[in-house]
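Please read it alongside the sequence and the model.

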Amino acid sequence: MKTRFYLPVHLIVVFQFLVTTANCESISFLRRHLQQLHAAECFSPFTQGKQWKLTRGGNVIMSDLPAYFAVDYLSAYDEVSEDEITAQKDLIRRAANVTPSPRQLAWQRLEFIAFIHFTVNTFTDKEWGDGTEDPAIFNPTELDARQWVKVCKDAGMKMIILTAKHHDGFCLWPSKYTDHSVKSSPWRNGEGDVVRELADACREAGIKLGLYLSPWDRHEPTYGDTAKYNEFYKNQLRELLTNYGPIHEVWFDGAKGEDAKDMEYDWLGYYAIVRELQPDAVIFNGPDVRWVGNERGYARQTEWNVMNRNDKPFDFISQLQKDLGSLEALGDGQNLIWYPAETDVSIRPGWFYHPAEDKRVKSLKALLDIYYSSVGRNSVLLLNLPPDRRGLIHENDVKRLQELRKVLNATFNENLALHAVINASHIKGNDSRYAGNKVADGNENTYWTTDDWTTTARIEFDLGKKCTFNVAELAEHIRIGQRVEEFILEAWDGANWKEFARGTTIGYKRLLRFNDVTAERVRLTIAKSRLCPTISSFGLYYAPPIQQIISEK
Ligand code: FUL
């Protein structure tokens, strides 16, 4: 039976306010429902906080509401069935409790990783080889994988993914299954193995290794014969995943030119081999990690890790979709999965090295924008550094990466909130294990949280003295799910709380940049969350002007 709620909205508002501290679930559902009717602004006591009297235990006085309120709330009458409430509540509960696998969590913590695009294209000046290249052209004069690793490590990158085979089919290791490889090239007299050299250098330096093996192969004669080519491809995959020690990511590229012969890749078979041989490796474009949807280096402002998959083995999320994770996008939520985004972008216009691009290495400002829009938006940044014809990462790219590291170090050097006195409006079960100070204890395994259906809450930081900051860092304890949908940051200016930043999702990490703020007290409001928010870390930082940092010797 349908129970109808014809609640005038002013009642809802009063109710909602009264229950903000009392955790009334149905009212928060009414609010969600009403938000879908574009009445959201009226129902968030925080977004309109300036005009409302919202002291704890106080009352909502109509005259304090914004002038447009009467109009908006009249249009927000609706009926909500109990069934709908139950279904949506069920969806929220399930979505809020989807968690990463240990391999996904380990991958997410890498934050910043490198792509190395290297093949015959480096010597032909192409982006896509056609498979007819003579292996003799592959002859780097000074190849030094230790240089690649050093450059990446110094930049703070934690893994390197190498194109073991790109679309041209040339193999950077001496595969048993083809002669189209380094063994047919003059480099190291046909005795060379780039994958081996990189694997050794990574192991020595304590940095992880990932491999890219293009399914689309424009050289291999069996390509186009589904059964034969899949066998060939799987053999190559087995070689790579058996002979080079631990591999932590396998990158399956979905690209296939329009002229490609018709054939079906056995994605499920490929995934099974990775799981069998390298159980700790995440599979990109497979069950573990999705493409962010562009190659410019930008994750979404609202980047969820929980989504509803379809039944395809590959491409089971439409990766270009703007909204992948809102409750609406989750639909019936019957196949909810944890599916985080990787943001791949090249430091130069092309993926491969081209001498003409030596002066087109991305600017420091562009790289910083990319960093804040990828690592800072709940995504892992996969930055491509193409070795040149010597087999080295070019000086210009190295210099830019050193500058980037310098700026990031100078910025994240001191968390001004680390020793703050912290007060939270709500604490789960009033248990000190979940208290507000857990967000600034330097321990990512502890977190502040509230009771289950307390989905709005606030935490205040007394910094002890006036501090100037222009970057905020937030983290959710994603080990138990991703929940925050909206948050606001305000600073006390001596008389009022003034908003200086706001955002939607947080996830593993959220970074926000804003103009300098100088204040002694700051507060974070979680305005909307799926179940209770869990915040494991909060930081305030000061990023000095770029010029000041890179001119320092
Ligand atoms: C694409 C490829 O076609 C590009 O060459 C490059 O490897 C990029 C990372 O993925 O799909």
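E342 is buried (under 20% relative accessible area, where over 50% is exposed and in between is partly exposed, with a 1.4 Å probe and protein chains only), yet E342 has no salt bridge, and the nearest side chain of opposite charge, R290, is 11 Å away. Lys and Arg count here as positive and Asp and Glu as negative, while His and the chain ends are not counted. A salt bridge is a side-chain nitrogen of Lys or Arg within 4 Å of a carboxyl oxygen of Asp or Glu. The model is predicted, so local features need pLDDT of at least 70 and side-chain atom pairs count only at pLDDT 80 or more, whereas totals for chains, interfaces and linings use all residues. Residues are numbered from 1 along each chain as its sequence is written, and side-chain values use heavy atoms, with hydrogens and water left out.

**Setting of E342**

- E342 lies in strand β9, residues 341-346; helices (H or I, at least four residues) and strands (E, at least two) are DSSP runs, numbered from the N terminus.
- The side chain of E342 makes a polar contact of 2.7 Å with the side chain of W251, a polar contact being a pair of N or O atoms within 3.5 Å; within protein, one must be able to donate a hydrogen and the other to accept it, and residues adjacent in sequence count only if both atoms are side-chain atoms.

**Salt bridges**

- Across the whole structure, a search finds 32 salt bridges, and R103, R275 and D288 are linked in a network of them.
- K399 forms a salt bridge with E403, with the closest N and O atoms 3.2 Å apart; both residues lie in helix α13 (residues 395-411), 4 residues apart, about one turn of the helix.
- Within this pair, K399 is partly exposed at 47% relative accessibility, whereas E403 is buried, with a relative accessible area of 13%.
- The side chains of E486 and R502 meet in a salt bridge at 3.5 Å, N to O; E486 lies in strand β14 (residues 484-492) and R502 in strand β15 (residues 497-503), so the pair ties together parts that are 16 residues apart in sequence.
- E486 is buried, with a relative accessible area of 17%, while R502 counts as partly exposed at 35%.
- K183 and D179 form a salt bridge whose closest N and O atoms are 3.8 Å apart; K183 is partly exposed at 30% relative accessible area, and D179 counts as exposed at 54%.

**T446 in its loop**

- T446 is found in the loop between β11 (421-424) and β12 (448-449), where a polar contact of 2.5 Å joins the side chains of T446 and D441.
- A polar atom of the T446 side chain also lies 3.1 Å from the backbone oxygen of N443.

**Ligand surroundings**

- The ligand is surrounded by F115, H117, W128, H166, H167, Y212, W251, D253, A255, E295, D344 and W351, a residue being near a molecule if one of its heavy atoms lies within 4 Å of it.
- The shell residues divide into 6 nonpolar, 3 polar and 3 charged, where Ala, Val, Leu, Ile, Met, Phe, Trp, Tyr, Cys and Pro count as nonpolar, Asp, Glu, Lys and Arg as charged, and the others, Gly among them, as polar.
- An oxygen atom of the ligand is 2.9 Å from an N or O atom in the side chain of H166, and ligand oxygen also comes to 2.8 Å from such an atom in the side chain of H167 and to 2.8 Å from one in the side chain of D253.
- Taken alone, the ligand exposes 300 Å², of which the protein buries 91%, the accessible areas coming from the Shrake-Rupley method with a 1.4 Å probe; for residues, only the protein chains shown count as cover.
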